[in-house]
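Today I opened my notebook to look up a few things in a protein model.

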Amino acid sequence: MKIGMVVEGSYPYVSGGVASWVQMLTTQLPRHEFVIIAITPEEMTADDYRYELPSNISEVFNLPLNIKPAAKKRRVKLTEEEQHRLTDWMMFRGLPPDVLDIFKKKIGSTEALFSSELFWNMVQESYRIEEQSGSFIDYFWMWRGMFTPVLELLQADFPDLDLIHSASTGYAGLIAAAIKQRQGIPYLLTEHGIYSREREEEILQAGWIPEYYKKRWVQFFHHLSKQAYTEADDVITLFDRNSRLQHELGADEDKLSVIPNGIHYDRLSGIVKLPKTDVLKIGAIVRVVPIKDIKTMINAAKVLDDKGVPFELTIMGPLDEEEEYAEECRMMIEQLSLEHCVTLAGKVNIIEYLPHFDVCLLTSISEGQPLAVLEGMAAGVPYVVTDVGSCSELMYGREDDPYGPAGFVVPPVNPKAIAEHCQWYYEHPQEAEKFGKNGQKRAETYYQVHQFIDQYADLYTERGLAYGRHRV
């Protein structure tokens, strides 16, 4: 089966998280051919890969969002009914059937639409409905900025596929929905985090977006998500809380399912931990980027140092994804005089580091189901995590889970709470060891790689057969 995997700002150009999940899925399913459709902020090449691609990935199809508009084409005149469908979609009033095909076949070019009377009338109507009072010209250009990537992405040509699978909604989900409509193939959607909610949080906090435009931008990303939910045959996520959110945001309950992440349990559970010392060894397997909130981790280290607890914190993860933020973290460590106890180790082989750790940290402000936490659990290391994504479920288990706590859960951006729980681990080594064993049993029972791979393999087969696309 030839499967298209649509990813946004991720594989194979970014390591960790969703990218690790894609690498694992494609590697573990060698009987299928994969085409990666990668949406990126700017044009990327094979020199930018962060992974060695498995041999069953036949192509990486890069779609940069800053793509140059195509040469102007002769515009096909829209019928009155097509104008109504296009207007309803761009005004977020609904999801008319086959509307995405109009962008490909009838618009002609981005500039052809933006210079049309139809587009002008849409912007005017939207300006009036929203009761805007600012510059109409600014509002018009906001509309152009919003829909330019949509039009350019939807006018791209894609390879013939047997099944399309997107790793999020947003632009990736929009592309997958369009491919499903064009080619009549099954569409699987897997959301790790809830994309529209994540964009909403970013927009509300963004200083560069005027307040009076934020509502429309939020609606835009929810609209894209609804398009993906509507077209997808299966709407999958990693844990129950996200599945409920998907339903609240418009996904049909009959499409919902939960497939947790998986890790190579045997490789990690076989790690022999080193004897404990008088120094608390703390680890963090994490990308050094703002969403992981490394600065809260460093502030927690300062609190712990001030308490007089002897410790070493090793932060393991690539430092070149957001170099400015990584440099800010380095400077923060120096300014707080923590060089003696906090290390930015960069990207390392975690198998070599995990035996040293008494506890691991995750201080993210947003997550899905972090593979790093599962890897630490499989190695028998207890955790302190923030209450985001499925972290609470990983620490405490689901309702039918017979195992005890695998760590502590704290609110995001709370250095004091993190430091207090680290101190507790230092003072209660036997209980800490028990927590680690609880997590290890939970990982063994629910989160092994073969479990999630088998579920996706079955889904690919079932959907392929249902659509008559079952070649192997």
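My entries below go through the cavity and then some salt bridges.

**Ground rules.** I am working with a predicted model, where local features need pLDDT of at least 70, side-chain atom pairs count only at pLDDT 80 or more, and totals for chains, interfaces and linings use all residues. Residues are numbered from 1 along each chain as its sequence is written, and side-chain values use heavy atoms, with hydrogens and water left out.

**Entry 1, the cavity.** I looked for cavities (on a 1 Å grid over the protein atoms alone, sets of points where a 1.4 Å probe fits but cannot get out; lining residues have an atom within 4 Å of a point). I found 1 cavity of 30 Å³ or more. The largest cavity has a volume of about 50 Å³, a volume being the space filled by probe spheres set on the points, which are joined across faces, edges and corners. Its lining includes Met297, Phe311 and Cys422.

I searched for salt bridges (a side-chain nitrogen of Lys or Arg within 4 Å of a carboxyl oxygen of Asp or Glu). The whole structure has 24. Glu321 pairs with Arg50, their closest N and O atoms being 4.0 Å apart. Arg50, Arg287, Asp320 and Glu321 are linked in a network of salt bridges.

Arg85 forms a salt bridge with Glu81 at 3.1 Å between the closest N and O atoms. Arg85 counts as buried because its relative accessibility is 17%, whereas Glu81 is partly exposed at 44%.

Definitions and conventions: 1 Å grid on protein atoms, 1.4 Å probe; cavity = no way out; pocket = protein on both sides within 12 Å on 5 of 7 lines; lining within 4 Å. Buried < 20%, exposed > 50% of the residue type's maximum accessible area, 1.4 Å probe, protein only.
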